[in-house]
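Good morning, colleagues. Please look at it on the screen as I speak.

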Amino acid sequence: MNEETEERVSELANLYPSRKSALMPALEIAQRKNNNFLSNEDIKEVAKIVGVPNSRAFGVTTYYTMYNTKPVGKYHLQVDTNIPGFLSGAYEIVEHLKKKLGIEVGGTTGDGLFTLSSVEDLGSCGTCPVVQVNDTYYENLTIEKVDELVESLKSGKMPEPDTFSNFGTECNILLKNRGISDATDITVYKKGGGYEALKKTFKMQPSEIVDMVKGSMIRGRGGAGFPAGVKWGFLPKDNSRPVYLICNADEGEPGTFKDRQIMQYDPHLMIEGIAISAYAIGAEKAFIYIRGEFRWIADILENAIRQAKKDGQLNHVDIVVHRGAGSYVCGEETALIESIEGKRGNPRVKPPFPANVGLYGSPTIVNNVETLSCVPFIVEKGVQEFKKIGTEGNFGPKLYGVSGHVNKPGVYEYPLGTSLKVILETAGGVKGNLKAVIVGGLSVPILKADEIGDLKMDYDSCAKAGTMLGSGGIMVINDTMSIPELALRTINFYAHECCGQCVPGREGSKTIKVLLGKLTSGEGTIENIDTILDTCDTIKGLTLCPTGDAFAMPIEAMVAKFRGEFEDLVKRG
Amino acid sequence: MGNKISLTIDGKKIEASSGQTILEIAKENGIHIPTLCYYPNTKPAGACRVCVVEIGTAGKLEASCCTPVSPGMVVQTNTEKVMNARRMVAELLWSSGNHNCLQCEKNGDCELQDLIYELGIEKPRFEIDLPGYEIEDTNSMIQRDLNKCILCGRCIRVCNEIQVHEVLDFSMRGSHTKVSPAFDADYIDSECVFCGACVDACPVGALTFKQARFKGRPWEMKKVRTTCPYCGVGCQMDLNVSDGKVVKVTTNMDYGKPNHGMLCSKGRFGMNFIDNSDRLKTPLIRMDGELKAASWEEAYGYIAEKFASIKEKDGPDSIAGLSSARCTNEENYLFQKFMRAVIGTNNIDHCARL
């Protein structure tokens, strides 16, 4: 590393209240300088520049999947094989690439040109199969397109990616600019009334904005559905510490690809939401924590922030984009905070809650992209207008991502409480015979086809139906899919992503993975099925963070509701 | 600690100070809650989930080591739900490593063994899956067997929070998580200074004092409290004596000042001299170029005679005294007094650098 790098790292470090927060950005810089590889020497150098012990830098490097501690080929082909990919042929692409390149998953071709990896959810569920080549997403792939891609790469050319994706909106709030080209540009955004809500905000007291958000009863769109205004209300009064706002853009829940629709196509909507919310809670610094794989989207956001700053919209708040580096658990708010502080993404013990002791020990509010993007509407049109959308206690618009076995997978904006059937029809209808649906991202209990009825897609109705609305990531499964296989792929994901801190999370996910592996390979017993159910039941509510529930609930539901399929595997032997 | 508040644990009304954890107040009141990752004077990790208790009527489980008490709180430490959770955690740990007490140095002094015995588990419901780590045997002081590691993180916390050597951290993640120095190096190739605090902190047999292996079982060991002889700080420690021999040095946080259960590598590992065959047991006087054993009377007489003649011939300033940091302050005081008053010189120094 040279002086220039050191300078760049110091510049980045200046964006944060603590220099240690520059660890992840510095590791990324070092990796880029060394052909996408971090040697021990690189890590040592970074640790020295940032001022952390080598052991910590090594711990952080080996935690996040995007840091390569082994050399990789010139083109790193990363196939997303998570559930939506699994449902749409990702494994066929892996097999094809293995044969075509003559390497196993994890291997590199002799000429050093290609490394093949199977990776977890890339947030492209509606445009699967997807292969990420270095920083670029190649979506909507087929075997033929993969062949073309590889040939092009062999000739040294990264082809232009196909960025087509389906969308639709009934509310015209969150996706109102989705179809307008250049809406990422501030002048286009302003032409449609953008930043008017912020202008209105400045004429009001911060407490009035807080009251509006409270009054709207908007529930957190990240998955938990906790009322955002109530969360804001937890901030301590008479506080002398700085207050931070964090926008959670770590979209990583399998089946979820909604936030990127806003960030990629209408970034100013989110930035305006952040600017209003920061004013309301008194934050002079805000962070956007975006998953590292969305590199180009992070660039879009940084560009939009620059424009907004230049336009005088952000005189009251400094917004920093912090890129993750490959970790599902960092979507959990305390893990995310740890990650911004330059640490392993291990969730913290609660209490204390972030609203009191969060980022750098200061009061911190973490809200999802979609939640914050609703704020301009609430402020501009008023609480009553917002509450006209949706159902009692479940107000406002919602982005539903539909993936898997449907004809038009995509993101569709509907009022909360819209019938699942309507959403599925908009998504082109089910391909084949419907077997089951996972309605809120992978962490929620699966519903059998006959359990769906006229399910309304809101927090309370989903809870009543024995599942959760979660992130609104709907994964549709037809009768060609084996549920035991689906369960195995599900637990493989959680075992891979588990932070490893607590025993039930770490050993529980691994043990269930082993048991499901035995069952699906015909070596299981009936007792194994009961052990899985019993283990899931005990894990719920026992782990340090919500990840335990996130795998125990769906696995338990898959096994309990489709027990016959698991028993057949035992009988067949 | 703040205001007094009252709560109920297992039906017993208890008064606590706000800010205390459930575990702390339970301990104070003689209510037993088993723990694994809890380690005094370090930040509670809430990682093992063994110390979970049931709070309120909703049946919520919380780790007692990191849950603060609150007024009117109703805590139950041994409901069926709590015991189920503890049993599963214990069985998951048992099946995830090489917890064979027959060949373990910590047999009889192992917190996992105690927990499993307390819970009355005869065998785990899960299949045992050994991680297959190579045993680290590359230094002469500490043996590391990560196949026995339960990832409680106590060694990491003691290394970072108390000793502040910052050598250890978690690396990798999920079930691949391991405790390691930077770059997964062996201790001997890392920045480790061998203070041994991690070994004291380890609740199981993952970290053991190498020289003590097979030199005595915990119940055969007599602990003798003493003051470390290496410097004047006065660190308190326990000599572990088996068969009349010191086999290892451990510490006890309850001894308090000055070292609060911490030692440096000298106090911890510098004990080989005790039974070393090269150790001087009688004074030696060099005569005709050869060292010959002498009695203390002969030796003192010889010294007195030589000092007297040197002083008479070349004056008191031809003599200098150098004392040792391993002596106590009182001994050093006496030595300088001797040099000044008896010999009559100010040539006196001290090797305050070890």
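Predicted model: local features only at pLDDT ≥ 70, side-chain atom pairs only at ≥ 80, totals over all residues.

Let me begin with the contact between the chains. Chain A contributes 33 residues to this contact, and chain B contributes 35 residues. Which elements of chain B give two or more residues to the side that touches chain A? They are β4 (60-63), α2 (80-95) and β7 (168-171) of chain B. The largest share of that side comes from α2(B), with six residues. If we sort the side of chain B that touches chain A by class, we find 21 nonpolar residues, together with seven polar and seven charged ones.

I turn now to the domains of chain B. The domain assignment divides chain B into domain 1 (4-78), domain 2 (143-275) and domain 3 (284-350). Taken over C-alpha atoms, the centres of domain 1 and domain 2 of chain B are separated by 29 Å. These two domains are in contact, through 10 residues of domain 1 of chain B and 12 residues of domain 2 of chain B. On the side of domain 1 of chain B that touches domain 2 of chain B, seven residues are nonpolar, two are polar and one is charged.

Next, a pair of helices in chain A. Helix α23 (residues 526-539) of chain A packs with helix α24 (residues 547-561) of chain A at an angle of about 145 degrees, and their axes lie 9 Å apart. The crossing of α23(A) with α24(A) is left-handed. Among the residues of α23(A) in this contact are A:I529, A:I532 and A:L533, while those of α24(A) include A:A552, A:I555 and A:V559. By class, the contact of α23(A) with α24(A) comprises nine nonpolar residues, one polar residue and two charged residues.

My last topic is a strand of chain A. Why is strand β15 (residues 434-438) of chain A described as largely enclosed by the rest of the structure? The reason is that four of its five residues are buried. β15(A) pairs with strand β18 (residues 473-478) of chain A in the antiparallel sense, over four bridges. Within that pairing, A:V437 has A:V476 of β18(A) as its bridge partner. β15(A) also runs antiparallel to strand β16 (residues 447-448) of chain A, to which two bridges join it. Here the bridge partner of A:A436 is A:K448 in β16(A).

Thank you for your attention.

Definitions and conventions:
Residues numbered from 1 in each chain as written. Chains lettered and ligands numbered in written order. Contact = placed C-beta atoms within 7 Å. Nonpolar A, V, L, I, M, F, W, Y, C, P; charged D, E, K, R; others polar. Axes fitted to C-alpha atoms, helices over the stretch in contact; angles between N-to-C directions. Left-handed = near helix turned anticlockwise from the far one by under 90°. Domains from an automatic or database assignment. Buried ≥ 20, exposed ≤ 12 C-beta atoms within 10 Å, placed from the backbone. Pairing = 2+ DSSP bridges.
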